[in-house]
Amino acid sequence: MKIAVLPGDGIGTEIVAEAIKVLDALDLPFEMESALVGGTAFEAHGHPLPESTLKLAKEADAILFGAVGDWKYDKLDRPLRPEQAILGLRKNLGLFANFRPAICYEQLVGASSLKPELIAGLDILIIRELTGDIYFGQPRGRRVAADGHFPGAEEAFDTMRYSKPEIERIAHVAFQAARKRSKRVTSVDKANVLETFQFWKDVMTEVGQQYPDVALDHMYVDNAAMQLVKAPKAFDVIVTGNMFGDILSDEASMLTGSIGMLPSASLNAKNQGLYEPSHGSAPDIAGKGVANPLATILSAAMMLRFSLNQEAAAQRIETAVQSVLGQGLRTPDIFSAGTTKVGTAEMGDAVVKALG
Ligand code: NAD
Ligand code: IPM
Ligand code: MN
């Protein structure tokens, strides 16, 4: 089981270190190799995704990723910015299916910003298409406007686009995931305005006919954003495009108590996967030893389940995380009166201990 370990920038190194502790404690035959990615790779090699890092990732059975990015790189040319590393990995490895499960553990019901009754027992799965949409659509750039409201003015543009096979394959992923859950899929779009998302909706409906046992409904993204904080438990599987999925998954993270709790898996057609927390490099708290490592530790559990065929070990980690929360240990992002505040490393140590 070859794991490429790419900690990245900011809190990336701190949280990945804790996930590695947990993986080491499982005593399974992992071969782990680390490489630089993001801003740290740019500093060392002049590129956020060096060839050697990409090669390591391609040859691994799974990739454990921390986070990339820092404000200090915001002035670099776009191809050199840290975020291009994660986008490049997703594109180069064809990691089109992004699973972001928003589960509110009972111990954290009080940590959410919503009323307990709205989120107790919450378990929804956001499936985000990850290699298409306005993120990757060409053309894009800056130019002098030839038309529009201000012809002759400087303007910038991106292209939102989806091909039929791209929508079909993420639709199949969503319907198949729903079959293992409560057999309901909500496809989130903006078909009332955007051609791309009318097409998305049409293709979802067409693929849905192959899954008569799964109920499909459609919702506009603005309404979905509202419903997520009004009645989140009404959802089960949400499938949506790259950009809407980015935004809705950060919103959903607060339902679980904190952005520091939301893991993710990004899979390709060969079930090779990249596993990373849904959050970023959190430059505001980097280096302070206070970041919540649980999203990364739970991402490692998803890695064991999806790419390494180690379901029992995955469950051991998830149980250990719940046990630590049950002991009242909390990093500052989920801390509340009556619980015990701990740092990143103490949280990781506690999970290792709880593995038994
Ligand atoms: P962010 O997710 O890094 O941080 C948002 C807020 O959440 C911050 O206040 C941060 O302190 C907090 N936070 C995030 N993770 C936390 C954790 N584990 N524990 C406790 N608090 C946590 O988003 P941002 O501030 O918008 O972006 C910072 C940088 O990260 C940017 O350069 C951005 O591009 C990058 N980013 C990278 C990824 C990735 O690598 N996949 C994802 C998102 C953002
Ligand atoms: C995420 C991040 C990335 C995205 C950025 C850093 C490119 O926000 O993984 O959610 O927008 O996909
Ligand atoms: Mn995001």
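User: Across which strands does helix 1 (residues 12-25) lie, and at what angle does it run to strand 3?

Analyst: The model is predicted; local features need pLDDT of at least 70, side-chain atom pairs count only at pLDDT 80 or more, and totals for chains, interfaces and linings use all residues. Residues are numbered from 1 along each chain as its sequence is written, while chains are lettered from A and ligands numbered from 1 in the order in which they are written. Helix 1 lies across strand 1 (2-8) and strand 3 (62-67), and runs at about 140° to strand 3. Such angles, on a scale from 0 to 180 degrees, are taken between N-to-C directions of axes fitted to C-alpha atoms, for helices over the stretch in contact. Helix 6 also packs on the sheet: it touches strand 4, strand 5, strand 8 and strand 10 (237-240), and its direction makes about 165° with that of strand 5. Helices (H or I, at least four residues) and strands (E, at least two) are DSSP runs, numbered from the N terminus.

User: How is helix 6 (residues 164-179) oriented relative to helix 7 (residues 195-208), and why?

Analyst: The two helices pack at an angle of about 50°, with their axes 9 Å apart. That angle makes helix 6 oblique to helix 7, because angles under 35 degrees count as roughly parallel, over 145 as roughly antiparallel, 65 to 115 as roughly perpendicular and the rest as oblique. Helix 6 passes helix 7 in a right-handed crossing, a term that applies if the near helix is turned clockwise from the far one by less than a right angle (left-handed if anticlockwise).

User: Which residues make the contact of helix 6 with helix 7?

Analyst: Helix 6 contributes Lys 164, Ile 167, Glu 168, Ala 171, His 172 and Phe 175, and helix 7 contributes Trp 200, Val 203, Met 204, Val 207 and Gly 208. Contact requires C-beta atoms, placed from the backbone, within 7 Å of each other. By class, this contact has 7 nonpolar, 2 polar and 2 charged residues.

User: Is Ile 259 buried or exposed, and how do you know?

Analyst: Ile 259 has 20 C-beta neighbours inside 10 Å and therefore counts as buried. The cut-offs are 20 or more other C-beta atoms within 10 Å for buried, 12 or fewer for exposed, and partly exposed in between. Ile 259 is placed in the loop between helix 9 (242-253) and strand 11 (265-267). Leaving aside residues up to four places away in sequence, Ile 259 touches Asp 250, Ser 253, Met 254, Ser 278 and His 279.

User: What makes strand 8 (residues 184-189) largely enclosed by the rest of the structure?

Analyst: Strand 8 is largely enclosed because 5 of its 6 residues are buried. Strand 5 is mostly covered, with 6 of its 7 residues buried.

User: How do you know that strand 8 pairs with strand 9 (residues 215-220)?

Analyst: Strand 8 and strand 9 run parallel and are joined by 6 bridges, whereas pairing requires DSSP to find at least two. Arg 184 stands opposite Ala 215 in strand 9. Strand 4 (residues 97-103) and strand 5 (residues 123-129) pair in the antiparallel sense over 7 bridges; Ala 97 stands opposite Glu 129 in strand 5.

User: What makes strand 2 (31-34) and strand 9 edge strands?

Analyst: The open sheet has 10 strands in the order 2-1-3-12-11-4-5-10-8-9, with mixed pairing. Strand 2 and strand 9 are its edge strands, each pairing on one side only.

Terms used: Contact = placed C-beta atoms within 7 Å. Nonpolar A, V, L, I, M, F, W, Y, C, P; charged D, E, K, R; others polar.
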